[in-house]
Each structure stands twice: as structure tokens, then as C-alpha cells.
Amino acid sequence: MDNDERHAGADWGEAMSTAEMTIGDGEPLPEDTLLAVRGLKKHFPIRGGLLRRVVGSVKAVDGIDFYIKAGETLGLVGESGCGKTTAGRTAVRLYEPTAGEVLFNDPQMGPVHIEHLTPRQLRQLWTNIQMIFQDPFSSLDPRMTVGRIVAEPFLVHKMLSGRALQDRIAELLTVVGLRPEHASRYPHAFSGGQRQRIGIARALAMNPKLVICDEPVSALDVSVQAQVLNLLEDLQKKFDLTYLFIAHDLSVVEHICDRVAVMYVGYLVEMAPTEELYHHPMMPYTEALLAAIPKPDPRRRSRPIRLPGEVPSPANPPSGCYFHPRCPYAQEICKQERPPLRKVAPEHWAACHFAETLKLQGVPRLSQLPVDVQAAPSAQPSTQAPSAP
Amino acid sequence: MASVPTASQALQSQATADYVVRVEDLRVEFRTSIGVTYALNGVSLEIPRGKTLGVVGESGCGKSVTGLAILQLVPPPGVVTSGTIGFRSRESRTPVNLLEYERMGPEMRHIRGKSISMIFQEPMTSLNPVYTVGNQISEAVLLHQTGEHKEAKERAIDILRKVGMPNPERIYSNYPHELSGGMRQRAMIAMALSCTPDLLIADEPTTALDVTTEANILDLMRELQQEIGMSIMFVTHNLGVVAQMCDEVAVMYLGRVVEQASVEEIFYDPKHPYTISLLKSIPRLGTNRKEHLEVIRGSVPDPYSRVTGCPFHPRCPSFMPGICDTTMPNVVYMPDSPQHFVRCHLYNDLANHQAVPSGVSNSIGGNGQ
């Protein structure tokens with residue numbers, strides 16, 4: 001599908017913007033930015049009382065900034081309830097944002113402000129943005145055949161029909177590692193991994209630029225998880241895709257992402273290239289998260305940093321830095337002032353008053369570990385079996 | 001059946017170790033209207049006293065069913081068709097076969113919750129929403145330990161404090177929905193530990209939790225284990241958690257234990273191609289990124305079908321035609337490490353040279369019956 005053809009007839013009007021958008025504390029965006037978000041907020045009202053009046057709000061996303069460069073994978077991590085899914089959905093206006101700017105840099109059309117689009121324009125823009133969901137069981141309609149599921153985007157956008165549509169479906173199924181004849185079957189006939197492939201085929205149907213992967217592998221078994229991760233990497237190379245990869249498994253995120261953004265109670269607390277973030281975290285929450293990853297290695301048993309208390313509720317967050325009640329390094333200022341997300345190193349943003357002074361521990365590089373730890377089988381694959389009889 | 005004698009071999013090699021539960025050739029079927037599913041096809045494993053045995057495998061491999069079968073809690077239409085489950089409590093070291101007890105009989109009810117207790121993945125479904133947390137904990141105490149309500153309450157508050165609840169007196173009168181996921185799992189653990197069991201069966205206890213909460217819960221389980229001296233059977237699919245928590249590991253595939261060894265050997269000297277593939281398919285922290293992960297081709301077969309020969313052969317990278325697809329491999333012990341066994345034809349040579357340890361009787365069948 002050609003992009004010019006796709007946007008033909010769309011009047012982008014005021015949404016078209018060449019205006020400079022900045023990130024964090026006034027930093028200009030990199031040139032190849034595909035999606036940039038600034039001050040994005042999504043508050044859900046809490047209703048109470050007899051008249052169901054709004055008595056408060058859950059600040060699921062409360063002013064976050066991030067950008068994704070074309071062709072890269074940005075990981076969005078955090079614990080459940082931190083707002084990462086809401087952030088992903090609000091950024092592309094699946095949820096109507098409460099406040100904030102979102103710039104989508106369409107390669108053909110130039111930069112577009114998503115928050116200004118009319119519903120009609122939005123539908124057209126969405127052909128560029130697709131989603132892959134976590135649960136491969138509930139995200140596919142059990143009463144549609146696989147072919148119909150993958151065909152739906154074309155029918156919605158009235159793009160293909162008849163023979164051409166059938167060919168395209170066969171092609172898409174082949175691309176994700178299924179067979180064309182699977183098109184006539186129903187989702188229940190497929191395993192979890194295969195269903196996730198169907199979901200991926202559906203997401204690829206419109207030749208999107210940006211794919212939002214919301215926990216795409218967390219419902220899968222490890223062996224199948226590896227297959228799907230490899231597939232996502234191959235497709236990214238093949239179709240020049242950009243991923244926003246929302247996940248809570250930090251080992252998977254390290255493997256697949258170029259840059260990682262960490263969220264805590266509706267805020268972005270740190271964003272950096274993956275290597276940098278994992279080896280030199282600059283925000284205490286990131287340090288605690290990294291320390292808590294159960295490392296698949298009995299020679300690297302670690303006592304995690306114990307975070308006291310619980311993740312605060314976004315309906316009733318603490319004062320100052322939201323992390324201060326649990327932070328081992330908290331000072332007086334942390335209780336009063338919320339630290340802004342600021343640039344602390346090239347491409348490295350952190351929201352912490354003491355980012356530069358704290359010497360935080362990251363994950364050691366494998367090459368820095370003792371030799372006996374490096375010798376783990378996953379690093380040195382060989383069956384070492386006696387010769388077959 | 002060629003594979004049956006191997007179970008007793010397993011016993012002979014390990015009979016010297018002190019164990020809490022020894023499962024031998026356990027078979028469980030689910031007879032449904034569309035066919036019979038063989039959930040367990042001869043599981044043999046041993047849970048060492050005071051240690052943690054990790055049971056790992058992909059979904060559908062029978063790891064949860066094994067845990068449920070030990071407590072005779074396999075839900076209908078599941079039936080245990082054969083096997084023995086030897087249990088040795090702290091007090092009486094003579095093993096008893098739990099499968100000889102009536103499912104709902106007094107002996108089994110005495111063991112459940114007192115000598116062997118269990119925690120589940122989703123605490124909300126196992127806590128009763130209409131009773132307070134304290135009520136549910138003291139129920140177990142009242143049943144097994146004391147008839148005094150006041151004393152039971154004190155003990156319940158005590159154990160809530162022990163599992164790290166910030167305000168145990170208040171939590172005692174809270175309902176489950178008032179607690180967060182991590183707190184509920186702590187309440188579940190408190191309930192399970194209230195009678196200081198010999199064995200705790202933990203079925204994916206941290207899978208639904210966030211990493212920081214998970215780390216705290218694992219820490220807590222380790223601490224309490226040392227304090228009480230109980231054994232843990234830790235059922236999980238997360239190899240990271242296994243490496244951090246377990247002393248021994250049993251790897252399961254399609255209702256069989258395909259390899260069991262110390263955690264060190266499983267991670268640094270795995271033998272079964274399935275174990276090796278599993279380890280290679282997980283991303284490793286601190287390594288090069290953007291490299292392809294190794295995959296196990298295909299997926300776990302449909303439980304209604306039965307594969308001839310080794311059940312892993314259609315996916316195995318070391319598949320040997322004519323051998324793997326025709327005969328079920330026997331259990332082979334590693335010559336240099338007597339606790340390490342594997343069920344794979346690659347190691348058939350080793351089996352022929354191996355001397356069977358002598359002087360050890362096939363204990364559980366004899367003593368327990």
C-alpha cells in the first residue's frame with residue numbers, strides 16, 4: 001500500500017505542524033524522531049456519592065515525555081499499575097489524552113499533531129500505527145476465521161477485496177510463519193504462540209510505521225517466547241518497523257530494545273539507551289528494579305534491594321518525588337519537590353535530585369563476571385553428549 | 001512397559017538421602033468426553049528434607065498436577081491410575097504411601113494443611129472473599145493445633161508479623177480484597193505456614209507479582225524455610241526464579257521428569273536436550289543484544305495425542321531416527337554425580353557401564369504398605 005495513496009483526500013489542516021517540539025527541559029528532538037510525546041496526561045475520573053459526581057481522579061499518566069526514533073525499539077517498563085499501557089494507548093489517542101502534545105512524524109506527510117486530528121483524520125493516521133496485545137486468547141475473535149481476522153483492516157479501510165485480498169492474507173500469514181491454508185481455521189485451533197503470530201499478521205496488514213507491542217510475549221512459554229521475539233526482530237528489519245515495546249520482563253526488554261524508558265506511578269523516571277540504563281542506572285527505582293530481576297544463574301544469587309512498602313496508588317500519590325517513601329537514598333528535598341525529568345548524560349534522562357551524585361549499581365556486563373559464571377551453558381552451547389549408539 | 005523399572009532404579013540411587021516426599025511412577029489421567037488426556041506418565045521425583053526442589057517445564061507438562069496429586073487434590077475428571085507417594089513426616093520417619101489414604105478420609109485431612117500445605121499462583125482465588133484474612137488463618141490453627149480461639153488469634157497475628165505484614169493486628173481483620181497482590185500472597189504464605197508444615201508446595205507463587213514484590217516474597221520464603229526447616233516444592237516456569245531459589249531441579253516434559261539434578265548441574269552441566277534448549281531460549285542479562293535467541297522448534301504437542309518413543313523427539317535438535325521415535329528412553333544416572341539423572345537415548349552408553357548402587361532396598365513399597 002502506497003503512503004501517498006493512503007493519505008489521498010485527507011485534509012490535515014491545523015494538525016500539520018512544522019513547529020519545533022522539545023523534550024524534557026527544552027532539549028530539541030532528534031531528527032529522525034517518529035513519535036514524540038510531551039507532557040502527556042491521562043486522568044480517569046473517580047465518581048462517588050449519590051449523584052455520581054467526580055470526586056477525584058486516578059492520574060494514570062501524569063505528564064510524561066518521550067520520543068521514539070524511526071526504526072528503533074523503545075522499551076516502556078514498570079510494575080503493574082504504573083501506567084505503561086495507558087501511556088502507550090494515550091500516545092496514539094486510543095484513549096483521549098487529558099493534556100499534552102503528541103507529534104507523529106509521517107515520512108510522507110511530515111509531522112502531525114495527533115491531539116488535533118479529527119476522528120476521520122485519526123482513522124487514516126491509525127493505518128500507520130498498529131497494536132499487538134498481550135493475551136493471544138482474548139485479542140482474537142473466536143467466531144472469525146483467521147483469514148477474516150487478518151482481512152479486517154483491509155475491509156475497514158476499504159483497501160483490497162477479492163483475489164488481491166486473498167493473496168495479501170496468504171502473504172501475511174507466510175511472513176509471520178504460518179501457512180496460507182490456516183486462513184480458513186478458527187483461532188481455537190491454534191496454540192498460544194501461533195495465535196500471537198496471527199495477531200502480528202493483523203498488525204502488519206496495513207504496512208504500519210509504528211507498532212505498539214503491549215506485553216506481546218508475557219503470556220507465552222519460554223520456548224515460544226523466543227520464537228516470537230525472533231520473529232519481531234526479523235519483521236522489524238524486513239519492514240523497517242518502529243516498536244514501542246511495553247513489558248515488565250526486564251531480561252526480554254534488554255534483549256529486544258534499543259532504548260528503555262522506566263515508569264513509576266504515572267511518571268517517566270528514567271530514559272536511556274539500553275546498555276547505559278542497565279549498566280549505569282541513575283535513578284534509585286531503576287536500580288531496585290534491576291536488582292530484583294531473578295537471574296537465571298545459581299552462581300549469581302543476589303539479595304535484592306528490599307523496597308519497603310508498596311507502590312503508591314495513582315489516586316493518592318505521596319508528596320514530592322513519588323518514590324521517596326521507598327527510596328533508600330531519600331533526603332529532605334525529595335519529600336517536598338518532585339524532580340523533573342532532566343538530561344543527565346547524552347541521551348540519558350533521569351528524574352532524581354541526586355542523579356549525578358549517587359553511584360548506583362546496574363547489571364554487570366557478562367564479560368565482567370568471574371570466568372566460572374561466564375561458563376554457563378547458555379553462553380557456551382554444546383550438548384557434550386557421548387556419541388550416539 | 002519398558003519405562004516402568006526405571007522408577008525403582010531412581011529409588012535405589014537416592015535412597016540414602018533424607019527425603020520428605022518421594023513420588024514414584026505417578027500416573028494421572030483426565031477422562032473427558034472428547035478423549036483421555038495423560039497428564040502424568042510415570043513421574044518419579046524426590047523432595048529432599050529441608051531443601052527446595054524446583055519443578056520446571058512449559059505449560060501443560062504436568063508440574064501443577066504433580067503438586068496437586070501429592071495432596072490428592074487432582075480435580076475430577078482427573079484420576080491417579082498408578083504410582084506411590086511416600087511421605088515421611090518429621091515425627092515418624094517411616095514412609096507412608098499417601099495414595100493409600102481415602103481422598104477425603106481423616107488421615108489425608110490431617111496431613112493437608114498441617115504436614116503438607118500448598119500456595120497457589122493467584123491468591124485471590126484461593127482466599128475466601130467473605131471471611132477476614134485472620135479468620136482464614138486461625139481456621140487452620142484451630143483445626144490442627146489448638147481449640148482455644150484466643151490462642152489461635154494470637155498465633156495468626158504472630159505468623160502475619162513473621163511474613164512481614166506491616167500492621168498484623170489490622171490485617172487480621174481485613175478482607176482479602178483490601179490487600180494488594182503482594183500482601184495477599186503474604187497472607188497465603190502465612191496461612192500455609194501457620195502449622196509449620198514439613199513440606200510446602202508452592203505452585204507458581206510469584207508469577208502474578210511484579211519483580212520487586214517477587215524478590216521480597218522469595219526472600220521471605222527462604223528465610224522462613226531456614227527458620228522452620230521445611231522443604232519446598234517450587235513449581236514454576238521461570239528459570240530465573242529456579243536459579244535463585246532451588247537446591248535441586250526436576251525438569252518436566254509432557255508428564256515425565258526428563259532430568260533431575262542439583263541446581264548447579266542443571267544450569268552449568270545440563271544433559272537433556274530439552275533442558276539445554278530451554279536454557280538457551282531465555283535472554284541472558286548482560287549479554288549482547290539483538291542476537292537471535294535459540295528456539296525449540298514447534299510447540300508442546302496437543303495433550304490428546306500420544307507420541308511414540310521419546311515425547312521430545314519431534315522437537316529435539318539431537319534427534320536420532322530409528323531410536324528416539326521408537327523406544328522410550330530409560331533413566332540414566334551420570335557416573336560422576338549420582339544424584340543427576342536424565343531420560344535420553346544420547347546417554348544409553350553410560351547406562352551400560354554403570355554399576356547399580358548396592359545394599360539399598362526398594363524402601364517405600366516395603367515399609368509403607
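Biologist: What makes you say that strand β10 of chain A is mostly covered?

Modeller: Keep in mind that this is a predicted model. A residue needs 20 or more other C-beta atoms within 10 Å to count as buried, and six of the six residues in β10(A), residues 242-247, are buried.

Biologist: How do you know about both faces of β10(A)?

Modeller: In a regular strand, side chains alternate between the two faces of the sheet. On one side of β10(A) sit A:Thr242, A:Leu244 and A:Ile246, and on the other A:Tyr243, A:Phe245 and A:Ala247; all of these are buried.

Biologist: Which strand pairs with β10(A) in the parallel sense over five bridges?

Modeller: One is β5(A), residues 73-77, where the pairing takes five bridges. DSSP has to find at least two bridges before we call two strands paired, so five is enough. Strand β9(A), residues 210-214, also pairs with β10(A) in the parallel sense, over five bridges.

Biologist: Which residues stand opposite A:Tyr243?

Modeller: A:Thr73 stands opposite A:Tyr243, and A:Val211 stands opposite A:Tyr243 as well.

Biologist: There's a four-stranded sheet in chain A too. What makes it an open sheet, and what is its order?

Modeller: The order is β4-β3-β6-β7 in chain A, with antiparallel pairing. β4 (53-69) and β7 (110-113) are at the edges with a single partner strand each, so one side of each has no neighbour in the sheet. On average, neighbouring strands here are turned by 25° against each other, ignoring direction.

Biologist: How do you know that β3(A) and β4(A) pair?

Modeller: The cut-off is at least two bridges. Strand β3(A), residues 33-48, and β4(A) have 13 bridges, in the antiparallel sense. As an example of who faces whom, A:Pro45 stands opposite A:Ser57 in β4(A).

Biologist: Which helix lies across β3, β4 and β6 of chain A?

Modeller: That's α2(A), residues 84-91, which runs at about 115° to β3(A).

Biologist: On to chain B. What is the place of B:Asp25, and why does B:Asp25 count as buried or exposed?

Modeller: B:Asp25 is in strand β1(B), residues 19-32. Buried takes 20 or more C-beta neighbours; B:Asp25 has 21 inside 10 Å, so it counts as buried.

Biologist: And why doesn't B:Thr196 get the label buried?

Modeller: It has 17 C-beta neighbours inside 10 Å, so it counts as partly exposed. The cut-offs are 20 or more for buried and 12 or fewer for exposed, with partly exposed in between. B:Thr196 lies in the loop between α8 (181-193) and β7 (199-203) of chain B.

Biologist: What is the phi of B:Asp25 and of B:Thr196?

Modeller: Most residues other than glycine have a negative phi, and most peptide bonds are trans. Phi of B:Asp25 is near 45°, a positive value, and B:Thr196 has a positive phi of about 40°.

Biologist: What makes you call the bond from B:Pro76 to B:Pro77 cis or trans?

Modeller: Omega is near 10° there, and the bond is cis. B:Pro77 lies in the loop between α2 (63-70) and β4 (78-87) of chain B.

Biologist: Which parts of chain B have pLDDT under 50?

Modeller: Residues 1-16 of chain B stay under 50, with 34 contacts in the model beyond four places in sequence. Residues 354-369 of chain B also stay under 50, with 32 such contacts. Across chain B, the mean pLDDT is 83 and 89% of residues reach 70 or more. The model scores ipTM 0.80 and pTM 0.84.

Biologist: How do you know that chain A and chain B are in contact?

Modeller: Contact requires C-beta atoms within 7 Å. By that rule, 48 residues of chain A are in contact with 51 residues of chain B. On the chain A side, α7 (222-239), α8 (250-256) and α10 (284-292) each supply at least two residues, and α7(A) gives the largest share, eight residues. That side divides into 26 nonpolar, 12 polar and 10 charged residues.

How values were computed: Residues are numbered from 1 along each chain as its sequence is written. Chains are lettered from A and ligands numbered from 1 in the order in which they are written. This is a predicted model: local features need pLDDT of at least 70, side-chain atom pairs count only at pLDDT 80 or more; totals for chains, interfaces and linings use all residues. Two residues are in contact if their C-beta atoms, placed from the backbone, lie within 7 Å. Ala, Val, Leu, Ile, Met, Phe, Trp, Tyr, Cys and Pro count as nonpolar, Asp, Glu, Lys and Arg as charged, and the others, Gly among them, as polar. Axes are lines fitted to C-alpha atoms, for helices over the stretch in contact, and angles run from 0 to 180 degrees between N-to-C directions. pLDDT is the predictor's confidence in each residue, from 0 to 100.
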